[in-house]
Amino acid sequence: MSQWKQIQQLEIRLLEHVDYLYDDNFPMDIRQGLSSWIETQDWDTAANEESMAGVLFTNLLSQLDRVRSQEQNFLQRHNMKIIQQQLQVKYTSNPTVMARVISTCLREERRILSSACMQEQGPLERSLQNSVAFERQKNMDNRVAIIRGSVQLMDQAVKSIEDMQDDFDFRYKTLQARESSDARQNPEMMKQEVTTLQAMLNSLDFKRKEILSKMDDVIKEIEDLMSSQLNPELQDWKRRQQIAAIGGPQLTGLEQLHSWFTLTAQSLFQMKRQLDKLADLIVKVTYESDPIPLQKPQMEERVKYLIYHLIKSSFVVEKQPCMPTHPQKPLIIKTGVQFTTKVRLLVKLPEVDYQLKVKTIFDKDLPPGRVRQFFILTNNTKVMDIEDYSNGCLSVEFRHLQLKEKKYINGTKGNEGLLSVTEELHSLSFEACFTVQGLTIDLETCSLPLVVISNVSQLPGGWASVMWYNLLTDEPRNLAFFGNPPRATWSQLSEVLSWQFSTFAGKGLNKEQLSMLGGKLLGQHASCSDYQVSWSKLSKENIPGKPFSFWMWLDSILELIKKHLLPVWNENYIMGFVSKEMERTLLKDKEPGTFLLRFSESHLGGITFTWVQHGDNGEVKFNSVEPYTKNRLSALPFADIIRDYKVISEGVVPENPLKFLYPDIPKDEAFGRLYNIQPSKVHPYITSTLIPISQLRSNTTTTPSSCQSPEPPMTPGEFDMLSEHLCFDINSMSSPYSE
């Protein structure tokens, strides 16, 4: 069943999360109309290769043309035409952005499907769901709309006051012009006119006090909105950005924030204009106890203060620093390698006085004693532009930033030994300054803490640091975090570990797999969800009896799945983290030839299979092959290894001992559709096959407590015996995988 069909069968609660994935950047109409074609393309690779992205973009437009021409509904054809035009505007000049968007959506769909298979979501997932509650957003929408409505009504009130004042001013000046003559000729009329003017002035005074009171109420409402809802919503978005960066649910809500910030700013700018208008009115007409000169200055300062802080807080890092070569591992930067980042202003501004330039600064505030320092090698200043497809927001993307390390003073390496390279945290700051409506605003924001590496071998350790930081704190710039890193509960950590498999391997871990992992990391505490796991336990201490840490072992498995085992993993055929003891318990009562797949506990990035045999005397035998690592799997796909695997035993014709995938699935039924299709015969050559072979020696231990893993190389005698039983000359054997 296709991924999109599986998505459509989800419960409403999960479908709401799917709905968040799709917007104008990638409309759901396209996902629906081109579902099969989209799922067969390699968007992950295209996200990092512009030429491939360009080809896929062209093909996508062609696919849309085809679907549109077949559509019978006129309205639907029209909508698809509009969508196609919008995509051309957005992505023609940068198709890798489109590939990145589609890749993210597909990956997030897989994560949602994976979470649907789990009986219970983790604590982080649940908290994030609560943070995007629809009722809260609806309340925010209503509140912002009410404020906008109130401010617009005040425009009418100011106009009404202006009209009243003009009437009063005209009658007052008219009375002044004829005061001397009319006072003698018609004193009663003069007295009546003065009474009328006084009534008009009283009414004008009442209206001025009324609108100032309403303005005060609206200002208080905006103050409360910003402090109690808008700023918390922004902080919540930033927290969700952290979680999304380490593999959690996809980040959404920025467009909604942009709308709220912009509408609030528009209300404040409009109120500032209204106050300026009231100030103009008192130039023409003022009087004793006039409320405008008494209240306007303080009110104007409050409005300016709110504008200033609203715009300052709206300056955010939309895309955290990331190397295009590792899009799924942001916040790790390698010296000499370009990385990208993007900042955005959530307020749609009226025209500013000049171009808004943004400057990037690396390591603006280092912790005391830090010696290892870097500087930006490339141009670090760019001008913010209005994005055509973002409702007029200002943003700027730095696509070619690059770091270089400063030379150490006197040849020393600073605090080497206190913190490892991958535990040193750095920051990237962004600064800008501009004037809007007479108000000068200094902008500053910063990225989440970065890890800077100088060699790709440091990437796994750097990613562990990024995960640990963003899991356990919402502080934007705690660069001294690893001086005394906090502990994580197993329930928190296990959820993030599952996200890694969802992100990098397409399918998260189920409860049984997480339980097995917990057993390996925590031992007797594995069943305790609130057990505190230290940073050292995860990433620095070696597994007992092994020369590597738990995280290095797990990261190597992730890489192995991603590059060599993805189809098998996504079919749920790899049990994975079962121990040798447990696998014997599972296999001992099964049919001979039943096997299971697990990751090696002794090799980094290795997978092995174990099968069960029953001896003539009823004894149970277990046989495991030496783990297959990336070097061996690069030569032969794993499903083909399962299909063609042979064992030589005491001169018997080589045979495949693998019959049933645990618990009882016939091997070919499980792996059949994953087998590599052999190339067609081309005369005069005879097709050949690369066959993985092990020799099962006669002294193999038959007790369940031990296991031997026989593997090549073979002795010359074994080689001759194998040549006798095969129908072709091994010396002339070729394979499509041998290149």
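Modeller: Before we start, a residue is called buried if its relative accessible area is under 20%, and exposed if it is over 50%. This is a predicted model.

Biologist: Fine. Which residues of α6 are buried?

Modeller: Ala53, Leu56, Phe57, Leu60, Leu61, Gln63, Leu64 and Val67. They cover an arc of only 160° around the axis, so they sit on the same side of α6.

Biologist: And which residues are exposed on the other side of α6?

Modeller: Ser51, Ser69 and Gln70 are exposed there.

Biologist: New topic. How many salt bridges are there in the whole structure?

Modeller: A search finds 30. Side chains of opposite charge can pair when their charged atoms come close.

Biologist: Give me one. What does Asp290 pair with?

Modeller: Asp290 forms a salt bridge with Arg208, and their closest N and O atoms are 2.6 Å apart.

Biologist: Is Asp290 buried or exposed?

Modeller: Asp290 counts as buried because its relative accessibility is 2%. Arg208 is buried too, with a relative accessible area of 0%.

Biologist: What about Glu583, which side chain does that one meet?

Modeller: Glu583 meets Arg598 in a salt bridge, at 2.8 Å from N to O. Glu583 belongs to helix α19 (residues 580–587) and Arg598 to strand β16 (residues 594–599), and the two are 15 residues apart. Glu583 has a relative accessible area of 0%, so it is buried. Arg598 is buried as well, at 4%.

Biologist: Which residues are linked with Lys220 in a network of salt bridges?

Modeller: Asp216, Glu223 and Arg302 are linked with Lys220 in that network.

Biologist: Back to β16. How does it pair with β17?

Modeller: The two strands pair in the antiparallel sense, over 5 bridges. Arg598, the residue from the salt bridge with Glu583, has Thr608 in β17 as its bridge partner.

Biologist: How many residues of β17 are buried?

Modeller: Strand β17 (residues 607–614) has 8 residues, and 6 of them are buried.

Biologist: What do β17 and β18 form?

Modeller: They form a hairpin with 5 residues between them. In the turn, Gly618 has a positive phi of about 90°. β17 and strand β18 (residues 620–624) also pair in the antiparallel sense over 5 bridges, and Gln613 has Lys621 in β18 as its bridge partner.

Biologist: There is an open sheet with 3 strands. In what order do they come?

Modeller: The order is β2-β13-β10, with mixed pairing. β2 (332–334) and β10 (425–426) are at the edges with a single partner strand each, so one side of each has no neighbour in the sheet. β10 runs antiparallel to strand β13 (residues 450–453), and 2 bridges join them. Leu425 stands opposite Val451 in β13.

Biologist: Last thing. Where does pLDDT stay under 50?

Modeller: Over residues 699–739, where the model has 64 contacts beyond four places in sequence. Where pLDDT is low, the predicted coordinates should not be read in detail. The chain averages a pLDDT of 80, and 82% of the residues score at least 70.

Definitions and conventions: Residues numbered from 1 in each chain as written. Heavy atoms only, no water. Salt bridge = Lys/Arg side-chain N within 4 Å of Asp/Glu carboxyl O. Buried < 20%, exposed > 50% of the residue type's maximum accessible area, 1.4 Å probe, protein only. Helix = DSSP H or I, 4+ residues; strand = E, 2+ residues; numbered from the N terminus. pLDDT = per-residue confidence, 0-100. Contact = heavy atoms within 4.5 Å. Arc of directions from axis to C-beta. Pairing = 2+ DSSP bridges.
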